[in-house]
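Student: I would like to learn how to read the features of a model. Please take me through one.

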Amino acid sequence: MTALLVLILRVALAIALYAFLWRIFLTLWQDLKQQGEFLSSQKKPGIHIHAVMENGKDIQHRFIQSEVTIGRDPNCDFPVMDEAISAHHVRISYHHTQWWLEDLNSTNGTFIGKSQVTVPTVLITSDQFRCGGTSFTILVDLVDAKLLN
Amino acid sequence: MNKITQSRLLQITAVFLFLQTLIITLSPAVRARTWDVDYRLTQWIALGLWGLFVARAHYDITRKLPDADPYLFPAAALISGWGLLTIWRLDPNFGARQALWFGVSSSVLIAGTRLASIDFLRRYKYILLTCGTFLVALTLIFGTNPSGGGPRLWLGYSDFYLQPSEPLKLLLIAFLSAYLADKLPSRLRTIHILYPTIILSGIVILLLVVQRDLGTASIFTALYAIIIYLATGRKRILFISLFLLALVGVAGYSFVGIVHARVASWLNPWDDPSGSSYQIIQSLIAIANGGIIGRGPGLGSPGFIPVAISDFIYAAIAEETGLFGTLGLLAIIGVIITRGLRAALRAPDLFRRILAAGITAYFGFQTILIVGGNLRLLPLTGVTLPFVSYGGSSLLTSFVALLILLNISNHLDIDPAPLPKPQPYLLLGLFLFAGLFASALANGWWSVVRGPDLLTRSDNQRRMIEERYVSRGLLLDSTNSIINNNNGEIGTYSRNYKYVDLAPVTGYTDPLYGQAGLEASLDDYLRGVKGNPTGSLLWSNLLYGTNPEGLHVRLSIDLYLQNRTDEMMVGSRGAVVLLNAKSGEILVMSSHPTFNPNHLAESGAKFLTDPNKPLINRATLGQYPTGSTIMEPFVQALTGNSSANETFMVNVYKAFGFYQTPQIQLPTAPALSEDDIAIMRVSPLQMALASTVFSNHGLIPAPRIAMAVNTPSEGWISLPALGMPIEALQAPAADEAASSYLVENQTYWQHIGHAQEDRSSFTWFIGGTSPNWQATPLVIVVLLEEDDLRLAQRIGQELLVDAMNP
């Protein structure tokens, strides 16, 4: 009888030891899964750029990549045939969970309202900025609900 | 989140240690197989202390270091509690000391959580290292050893001892990390940066070599190489250090005695199992005894391993918790290594990164060194198993190192420092994991593959323990009278030899002198290994770690006749064999002088050196010259004449089986071969077997002494004869030869012979029932190591007549 009781306790002892390791494994796994979900949920929101040129012509594009350059050069992601725009005028890029506007040393500068953009500036949806004679309107996609958590 | 994880893990740890404590409490009841025992209770103090300090440390860590790694502390708490209970179970005195040290160490940890930063280590690196080195240097002058002998590595004050080389490990790691973090970014050539570290570390290592603390010296060398490699990322450093280590190893092997002895006993442990490799072999036997599931806490016998509380605690744990337990232990150490390296990689600056990696390397490397030593994977070094082994300095150092790791891991909000090369860290992790994996494999090898072999070794003292707790089967004579039984009760069983004069035949079983005679050859039945159903064997081993009760064995010996023989043989040297000529059952086997196996403990050495050799069973092991006269009946039976030349004698010996070793459950002298004709010698048993032809119509039966075993499932089962009967002669020839030796007016035949060799004389008497005898045919042989024909004849005749008229 004594031995049977102790045998049961010994089995419980082994279970406790491996429960400890299982618990570690489980929390680490959940950690990993959460991190994975977090990273995959961290899809950058797409950006919709609407340009209205001086002659009234308007162009619009939607981008899902994390960097968009605007300029006169046809190799730009968003080429604009405006004489007052430099070849590589401005860069819109996504990092630190925001879209940023960055002037690329353009000749005529970039303006939000009346103020010139000299340092990278955060853009939010329906912001407007102006390069040369063209004005741009930004629409950022709705952010995934998971990211807000 | 961290708080919940850590608290859950600590809860499981508490359950684990509670169960372990409970099992240790109940273990005496399992051994004694009754509830009425003195339970072991003191180790609950250890559990209580552990709970108190761990709860407080958990509270402080989660409050003061909220982002610290939640796995490190529970892992350390589990294995240090495990170690504490194991030490307490082995020796409550040392357990109490270790509990005290556990209190001190966790108090330091608790106080240390209040430290906001560990930058002071960086600032005062030179002072700290100098102090540490100075303390170690002091041991050269004031060093003592708490156990009296051995290397003097401790500084002692009354009952309090400190081993300065333990904290020095941590100080050296801290110094190297601080120094390298300060100097490396200055873009000097690496070698210029390394000069001061080489000199300092060299001094430290030299100090330890002078002190003969070679295990610690090798850890320092390895830590130095690992840290430099981590910091600089140059593989060349690793190769150079490996080369230097090998060089130092070879030099040590050639010139330093202790290194030579350690390596030699590592390479060839089986050569000297009672001397230089005693420790490692006892360790392996303990691991084998643990097997897969272990004997259960408190139920093994790890006390047989020398220094089980410190150097061999891994083997002690392996014996009581088995491969299951040690794999868990190695996995937990693996968790500490993983989380330590993670803390290193995410550290906010280079100093903390190298420090965390160095500490992890220290934990991992030292674990592999001592676990590998216990498993004969590496030569033995007397280092401690971090957190687990007995030793205050080691425990304190491990806890301070843990504190530093917790502190470093508590910087989640700061971005990790840039890491130019991740390979060194990954390589370190890979190396440590390979070491743990190799240890797990070696553990499996010894406890599963080689286990059964190891346990049957004669230096496995656990058999002696088992004999005290499991009753050994009885040896009975042909009428079930007791020859050997057991004294005492469960826990104190010892063999009792009731019929002492039969000792040369039945032998003995003794913790010191081992086993002999029938006690040795029938050991499997008497211990219950054979004859019990497999199921009950497994179940008993699972429950108690012992075999089931031993089985009784019935012998063919007739105690009445045996007693008559021994009375007549008192004072003589020689042997008597009386056997049933038809069935081969040995009714009397007497060898004189004899000894009293009940006095083996006091007089064993005297028996061994006695010139009369009382331990030898002369009836089967004695080889006596036949001389010419005693062979006459055999020659006559074969040829019709009573004499033959030497070459013809070969045929005689061959015909009567003298060239065949009798097959019986007793050690027998190997029969001589045909080439040994000039000095033909035979044992009394051989002579008795050959003589059966005259009473059994030419047939020699196979001899038998162990007749039956009493199994629990089928009752008495007869044990078959080991040998085969021989058809030596045609019945008429045998009967005719016998008739010419018949004694007048008697129903038996007899013949007396005399032999001489060097200056010794021997007397042979052979006799037996006449071929016409209607009851059991019997044959007797008397051999005296003196020239006394009348005594031999008197013994032989009286016994034969007694046996014929029961």
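**Reading the model**

Tutor: B:Asn480 is exposed, because 11 other C-beta atoms lie within 10 Å. Keep in mind throughout that this is a predicted model.

Student: Where is B:Asn480 placed in chain B?

Tutor: The residue belongs to the loop between β3 (475-476) and β4 (482-487) of chain B.

Student: What should I look for in the backbone angles?

Tutor: In general, most residues other than glycine have a negative phi, and most peptide bonds are trans. Departures from that are what to look for. B:Asn480 is one case: it is not a glycine, yet its phi is positive, about 65°. B:Phe387 is another non-glycine residue with a positive phi, about 75°.

Student: Where is B:Phe387 found, and is B:Phe387 buried or exposed?

Tutor: B:Phe387 sits in the loop between α14 (350-374) and α15 of chain B. It counts as buried because it has 28 C-beta neighbours inside 10 Å, and the cut-off for buried is 20 or more. B:Asn480, with 11 other C-beta atoms within 10 Å, is exposed.

Student: Which residues does a cis peptide bond join?

Tutor: The cis bond joins B:His592 and B:Pro593, with omega about 0°. B:Pro593 lies in the loop between β10 and α24 (600-609) of chain B.

Student: How do I describe two helices that pack?

Tutor: Two packed helices are described by the angle between their axes and the distance between the axes. Take helix α3 (residues 72-90) and helix α13 (residues 313-345), both of chain B: the angle is about 160° and the axes are 9 Å apart. That makes α3(B) roughly antiparallel to α13(B), since angles over 145 degrees count as such. Their crossing is left-handed.

Student: Which residues of α3(B) and α13(B) meet?

Tutor: From α3(B) the list includes B:Leu72, B:Ala75, B:Ile79, B:Gly83 and B:Leu90. From α13(B) it includes B:Ile313, B:Ala316, B:Leu329, B:Val335 and B:Arg339. By class, this contact of α3(B) with α13(B) has 13 nonpolar, two polar and one charged residues.

Student: Which residues does the contact of α7(B) with α15(B) involve?

Tutor: On the α7(B) side they are B:Glu166, B:Pro167, B:Lys169 and B:Leu170. These meet B:Ser393, B:Ser394, B:Thr397, B:Val400 and B:Ala401 in α15(B). The residues of this contact of α7(B) with α15(B) divide into four nonpolar, three polar and two charged.

Student: How do I read a loop residue against the rest of its chain?

Tutor: Look at its place, its neighbour count and its contacts. B:Ser583 is in the loop between β9 (574-580) and β10 (586-592) of chain B. B:Ser583 counts as partly exposed because it has 18 C-beta neighbours inside 10 Å. Apart from neighbours within four places in sequence, B:Ser583 is in contact with B:Pro701 and B:Arg704.

Student: What about B:Pro720: buried or exposed?

Tutor: B:Pro720 is exposed, with 9 other C-beta atoms within 10 Å. Its loop runs between β15 (715-718) and β16 (726-727) of chain B. B:Pro720 and B:Gln660 are 60 residues apart in sequence, and their C-alpha atoms are 19 Å apart.

Student: How would I summarise chain A as a whole?

Tutor: Start with the elements: chain A has two helices and 11 strands. In sequence order the pattern is α-β-β-β-β-β-β-β-β-β-β-β-α. Then take the overall extent. The radius of gyration of chain A is 27 Å, whereas a compact globule of 149 residues would be near 15 Å. Along the principal axes, the C-alpha atoms of chain A fill a box of roughly 100 × 30 × 25 Å. Of its 149 residues, 20% count as buried.

Definitions and conventions. Residues numbered from 1 in each chain as written. Chains lettered and ligands numbered in written order. Predicted model: local features only at pLDDT ≥ 70, side-chain atom pairs only at ≥ 80, totals over all residues. Axes fitted to C-alpha atoms, helices over the stretch in contact; angles between N-to-C directions. Helix = DSSP H or I, 4+ residues; strand = E, 2+ residues; numbered from the N terminus. Parallel < 35°, antiparallel > 145°, perpendicular 65-115°, else oblique. Left-handed = near helix turned anticlockwise from the far one by under 90°. Contact = placed C-beta atoms within 7 Å. Nonpolar A, V, L, I, M, F, W, Y, C, P; charged D, E, K, R; others polar. Rg over C-alpha atoms; globule rule 2.2 N^0.38 Å. Buried ≥ 20, exposed ≤ 12 C-beta atoms within 10 Å, placed from the backbone.
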